[in-house]
Amino acid sequence: GPFLLRYNNERQKMSSPSEPPETDPAFIAKEEDFTKLPSELSHVDWTKPISWGKYEPYPPSHDADAITTTDDDGDKQTVAVAQPLPLTPEGTKPSFKPPHQALEFHVHATSGRARYTTVHLPHGPVATPVFMPVGTKGTLKGLSPMDVTNSDALNNQIILANTYHLALQPGTELIRDAGGLHNFMNWDRNILTDSGGFQMVSLLKLAEITEEGVTFENPFLSDNNDKEGETNSGNKKRTRQEATESGSMMLLRPEDSIYHQNNIGSDIIMALDDVVSSVADDKTRFQIATYRTLRWLDRCFAAHRRPHDQNLFPIVQGGLDVSRGGLRDVCLAGFRERDDKAPGYAIGGLAGGESKDDFWKVVDHCCRALPDTKPRYLMGGM
């Protein structure tokens with residue numbers, strides 16, 4: 001009713017920041033350091049698989065419990081042993097305990113490497129595996145929220161929206177003042193928002209990517225048809241700063257992406273990652289993007305103002321490189337160092353034109369590394 005709407009509006013305003021935070025210079029790398037391995041990974045043994053939190057049927061990860069055995073000669077040795085994945089009965093209520101008090105993950109059954117689970121979120125449970133319908137601008141095309149919730153065939157518990165598009169129109173401040181996207185679109189179930197990173201690929205011609213963030217031309221306001229150096233009226237073309245201030249250019253830093261997602265109020269939010277097309281042929285660009293994704297993740301964590309009711313997922317990048325110690329391993333090892341901050345993970349950088357074989361090799365590699373006690377979101381799954 002009206003009282004609940006007013007309550008949600010005020011709660012949303014109190015929870016969301018009034019403006020994006022400034023970038024901490026400590027997270028900004030110099031250009032000569034773009035291709036240097038992050039210092040926190042200098043101790044990693046790249047000859048061993050990168051994994052953590054693994055259970056049967058996977059091999060034991062580095063953090064697995066060890067047992068002492070005695071061989072036929074009476075010599076004792078300590079070996080790591082994978083244990084069965086702990087199961088939780090269906091219907092178990094969540095307790096939402098720290099450190100991730102907006103998400104609780106229950107695994108009910110396994111079949112080989114597949115898991116049947118429930119992800120408990122602020123707007124209700126989500127049974128997985130699950131396919132998320134896309135509501136890019138806060139609406140599913142051709143369907144109302146009632147069409148989705150009242151249909152036995154659909155009955156989706158979670159949908160996806162897009163930060164970039166909502167920031168452009170109608171603007172996330174307006175959504176925040178309306179009580180968040182749930183109120184704005186009259187949807188009482190869960191929402192996941194993408195960070196805007198995929199637009200670095202899909203709108204690459206409109207984007208410029210730097211260490212600070214990504215600058216997009218606003219397709220609704222930009223001077224896309226202008227000649228170089230001047231506008232159609234013959235006046236001098238605006239500088240990038242002037243264009244950003246006027247709204248024809250949009251700067252999306254990690255801090256901005258989290259700010260917008262805090263305003264939107266989605267239950268799962270994505271870290272802004274440096275995304276490169278999976279079919280690009282530029283090893284240096286992939287290396288820069290993978291290392292930058294880790295730096296940007298730190299900036300996202302620092303900017304996140306609503307960890308009590310929103311879950312920030314890192315996104316694994318690294319192109320199609322699944323070699324031992326390759327770029328996917330580097331990104332995964334970086335996430336392992338930050339695991340205490342992540343309630344779940346996403347696998348990104350795919351569905352960009354690569355072959356099905358390459359696609360599944362990356363998915364398999366990441367699933368062998370990521371912890372079994374946290375949810376995994378496959379982005380752009382085919």
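This is a predicted model: local features need pLDDT of at least 70, side-chain atom pairs count only at pLDDT 80 or more; totals for chains, interfaces and linings use all residues.
Reader: How many helices and strands does the chain have?
Author: The chain has 11 helices and 15 strands. Helices (H or I, at least four residues) and strands (E, at least two) are DSSP runs, numbered from the N terminus.

Reader: What share of the chain is buried?
Author: Buried residues make up 48% of the 382 residues. Buried means under 20% relative accessible area, with a 1.4 Å probe and protein chains only.

Reader: And the contacts?
Author: Take contacts between residues at least 6 apart in sequence: 69% of them join residues at least 24 apart. A contact means heavy atoms within 4.5 Å.

Reader: How are pocket and cavity defined?
Author: Both use a 1 Å grid over the protein atoms alone. A cavity is a set of points where a 1.4 Å probe fits but cannot get out. A pocket is an open set with protein on both sides within 12 Å along at least five of seven lines. Lining residues have an atom within 4 Å of a point. Grid points are joined across faces, edges and corners, and a volume is the space filled by probe spheres set on the points.

Reader: Which element supplies the largest share of that pocket lining?
Author: Strand 4 (114–121), with 5 residues. Strand 5 (124–128), strand 6 (158–162), strand 7 (190–194), helix 11 and strand 15 each supply at least two.

Reader: What's the lining by class?
Author: The pocket lining has 30 nonpolar, 13 polar and 6 charged residues. Ala, Val, Leu, Ile, Met, Phe, Trp, Tyr, Cys and Pro count as nonpolar, Asp, Glu, Lys and Arg as charged, and the others, Gly among them, as polar.

Reader: How many cavities are there?
Author: There are 3 cavities of 30 Å³ or more. The largest cavity holds about 50 Å³ of space. Its lining includes Y55, E56, R113, R115, D372 and R376. By class that lining has 4 nonpolar, 2 polar and 5 charged residues.

Reader: R376 again. Where does it pair?
Author: R376 in strand 15 stands opposite Y345. Strand 14 (residues 345–347) and strand 15 pair in the parallel sense over 3 bridges. Two strands pair if DSSP finds at least two bridges between them.

Reader: What strand order does that sheet have?
Author: The order is 13-14-15, in an open sheet of 3 strands with parallel pairing. Strand 13 (315–316) and strand 15 (376–378) each have a single partner strand, so one side of each is left without a neighbour in the sheet.

Reader: Which residues of helix 11 are buried?
Author: F359, V362, V363, H365, C366, C367 and A369. What covers them includes strand 13, helix 10 (327–337), strand 14 and strand 15.

Conventions:
Residues are numbered from 1 along each chain as its sequence is written. Side-chain values use heavy atoms; hydrogens and water are left out. Buried means under 20% relative accessible area, exposed over 50%, partly exposed in between (1.4 Å probe, protein chains only).
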